[in-house]
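Q: How do I read the sheet and the helix packing in a model like this one? Let us go through it feature by feature.

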Amino acid sequence: TVTDTSGAQITGTVTVDNGANTDVAATLLSTIGAGSGGTVSVTSAVNITGNTSQLIDALDTKGVTASTANIVLSDTPTVGNLQTLNNKTSGSIKILNGAITYSGSATVLSEALAGTVTDGDGNGLTGNMTLTGNPNATQLQTINNATTGTVFVSDKAVTLTGSAAVLAEALAGTVTDTSGAQITGTVTVDN
C-alpha cells in the first residue's frame, strides 16, 4: 500500500507512458487504478491486453483513462461489454471470434461496433447483426460497415434519411428484416 505520511491513499494524477503499440496488461492498469485515488491516464496508443472482464475492470470499474489505446481481447465480449469498451477508446478493438452474431438496439450495436472492431488476426467481422429496434441512417451505416454478415432490421418499413454517402454505406451488403425481406420504407437523400 502506497500512502502519504499520514496514511492517506495517494490522490495525485498517475500517468502511464509506455510507447505506442506497447503491450500493457489490463491487470497492471487495474492494480495502478486501485492503488491511486487520483486519475490514472494512459497517454499513448498502447495495446491493452487481457480478457473482457479484465479490460472492463481496468477501464470502467477502476476508471483508467486510455482514450487512444488499442484493445486486444483474448475472448469475445457480449455486445454490452463491447459497447462499454468501445466508448472508452478511439483505438482499435480485437476480439477472439470475428464470426460472432450480436443482437441489440441500434444505439447499443452502433456504439459497440464504431471505429475498428476486428477478429484477433485483424480481419473484419463476419457475423450477422440483429437490430431490436429501427436505426437511423448513421447507426445503420456504422453497423453495416462493421460486418460482412447480414444486418437484420426489426421493421422492413424503416425510414432512413441521410446523405447519399451515408445511405449508400448503410444499405450496402445485405440489409433485410428478420424474415429476409428487403427494406421497403422511404429512403430520403438529404445532402
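A: Start with pairing: two strands pair if DSSP finds at least two bridges between them. Here, S2 and strand S4 (residues 47-50) run parallel and are joined by three bridges. Within that pair, Val24 stands opposite Ile48 in S4. Keep in mind that the model is predicted.

Q: What is the strand order of the open sheet?

A: The order is S2-S4-S5-S6-S8, five strands with parallel pairing. Strand S2 (23-25) and strand S8 (117-119) are the edge strands, each pairing on one side only. On average, neighbouring strands of this sheet are turned by 25 degrees against each other, direction ignored.

Q: Which residues of H1 are buried?

A: Buried means under 20% relative accessible area. In H1 the buried residues are Ala26, Leu29, Ser30 and Gly33. They sit on the same side of H1, because they cover an arc of only 105 degrees around the axis. Leu28 and Thr31, on the other side of H1, are exposed. The buried residues pack against strand S1 (14-16), S2, strand S3 (40-42), S4 and helix H2 (52-61).

Q: How is the packing of H2 and H3 described?

A: Two packed helices are described by the angle between their axes and the distance between the axes. For H2 and H3 the angle is about 40 degrees, and the axes are 10 Å apart. H2 and H3 are therefore oblique to each other. The crossing of H2 past H3 is left-handed. At the contact, Thr52, Leu55, Ile56, Leu59 and Asp60 in H2 meet Asn81, Thr84 and Leu85 in H3.

Q: Which residues are buried in helix H6?

A: In H6 (residues 164-171), Val166, Leu167 and Ala170 are buried. The buried residues fall within an arc of 95 degrees seen down the axis of H6, so they line one face of the helix. Their cover includes helix H5 (137-146), strand S11 (160-162), strand S12 (175-177) and strand S13 (187-189). Just after H6, Gly173 has a positive phi of about 70 degrees.

Note on methods: Residues are numbered from 1 along each chain as its sequence is written. This is a predicted model: local features need pLDDT of at least 70, side-chain atom pairs count only at pLDDT 80 or more; totals for chains, interfaces and linings use all residues. Side-chain values use heavy atoms; hydrogens and water are left out. Helices (H or I, at least four residues) and strands (E, at least two) are DSSP runs, numbered from the N terminus. Axes are lines fitted to C-alpha atoms, for helices over the stretch in contact, and angles run from 0 to 180 degrees between N-to-C directions. Buried means under 20% relative accessible area, exposed over 50%, partly exposed in between (1.4 Å probe, protein chains only). The arc is that of the directions from the helix axis to the C-beta atoms. Contact means heavy atoms within 4.5 Å. Angles under 35 degrees count as roughly parallel, over 145 as roughly antiparallel, 65 to 115 as roughly perpendicular and the rest as oblique. A crossing is left-handed if the near helix is turned anticlockwise from the far one by less than a right angle, and right-handed if clockwise.
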